[in-house]
Amino acid sequence: LRDAIMKKNISEIKKLANGQDEIIARIALSNNNLESLSQEILAKVKSPKISQELQKAQNIVEFIKKNFSKISIGFDIFGDHSASYHSGISFDVFSGSFPYPIASGGRYQISNINAVGATIYMNRLLKL
């Protein structure tokens, strides 16, 4: 399903989404502002995994708003991270209108050890 979403293959999404294609499209269109997803839409999600992941994302948004009010947050829920070694949540940090991330990181696993890490791109910070 993720590959179909990445390739914008609507017929494949409809085939694989088990009747959830409309909801998946609305989530994808709203992913920069998870608050715009109404409880009605979330209640229609039949997949416990999707509901759980959306709730995690909303919890992150609420935490950041509460503790860092000047930071805006957006999610690329269906982003292509196939070349990444991260598993689970990964992130990029952007600043203003600068087009490239100034930091990135996430959860990963090395030799059956779970870890979280981040990289700060100093060369990009110097360009700001």
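Let me begin with the basis of the description. The model is predicted, and local features need pLDDT of at least 70, side-chain atom pairs count only at pLDDT 80 or more, and totals for chains, interfaces and linings use all residues. Residues are numbered from 1 along each chain as its sequence is written, and side-chain values use heavy atoms, with hydrogens and water left out.

I turn to the overall layout. The protein chain contains six helices and three strands. Helices (H or I, at least four residues) and strands (E, at least two) are DSSP runs, numbered from the N terminus. Along the sequence, the pattern reads α-α-α-α-α-β-β-β-α. Of the 128 residues in the protein chain, 24% are buried. Here, buried means under 20% relative accessible area, exposed means over 50%, and partly exposed lies in between, with a 1.4 Å probe and protein chains only.

Among the helices, I take α2 first. Helix α2 spans residues 10-16 and holds Lys 15. Lys 15 has a relative accessible area of 59% and is therefore exposed. Between the C-alpha atoms of Lys 15 and Ala 4, eleven residues apart along the chain, the separation is 9.8 Å.

Next comes helix α5. This helix covers residues 48-67, which is 20 residues, and its first and last C-alpha atoms are 28 Å apart, close to the 28 Å expected at 1.5 Å a residue. The expected span is 1.5 Å times one less than the number of residues in the helix. Which residues of α5 are buried? They are Leu 54, Ala 57, Gln 58, Val 61 and Ile 64. These residues cover an arc of only 125° around the axis, so they sit on the same side of α5. The arc is that of the directions from the helix axis to the C-beta atoms. Pro 48, Lys 49, Glu 62 and Lys 66 are exposed on the other side of α5.

Let us move to the sheet. Three strands form an open sheet in the order β1-β2-β3, and the pairing is antiparallel. Two strands pair if DSSP finds at least two bridges between them. The edges are β1 (90-93) and β3 (113-120); each has a single partner strand, so one side of each is left without a neighbour in the sheet. From one strand to the next, the twist averages 20°. For such angles, axes are lines fitted to C-alpha atoms, for helices over the stretch in contact, and angles run from 0 to 180 degrees between N-to-C directions.

Strand β2, residues 103-110, pairs with β3 in the antiparallel sense over eight bridges. Within this pairing, Ala 103 stands opposite Ile 120 in β3, and Arg 107 stands opposite Val 116 in β3. How many of the eight residues of β3 are buried? The number is zero, so β3 lies largely in the open.

The hairpin of β2 and β3 has two residues between the strands. Most residues other than glycine have a negative phi. Ser 111, although not a glycine, has a positive phi of about 50°, and Asn 112, likewise not a glycine, has a positive phi of about 60°. Ser 111 lies in the loop between β2 and β3, and Asn 112 is found in that loop between β2 and β3 too. Ser 111 is exposed at 65% relative accessibility, and Asn 112 is exposed at 71%.

Met 122 counts as exposed, at 55% relative accessibility. Met 122 and Ala 103 are 19 residues apart in sequence, with 8.7 Å between their C-alpha atoms.

I close with the aromatic rings. Rings of Phe, Tyr and Trp (its six-membered ring) pair if their centres lie within 6.5 Å; planes under 30 degrees apart count as stacked, over 60 as edge-to-face and the rest as tilted. By this rule, there are two aromatic pairs. One of them joins Phe 98 and Tyr 100: the ring centres are 6.0 Å apart and the planes stand at 75°, so the pair is edge-to-face. Phe 98 is buried, at 17% relative accessibility, whereas Tyr 100 is partly exposed, at 48%.

Finally, Arg 124 lies over the face of Tyr 121, at 4.6 Å from the ring centre. A charge sits over a ring if NZ of Lys or CZ of Arg is within 6 Å of the ring centre and within 35 degrees of the ring normal.
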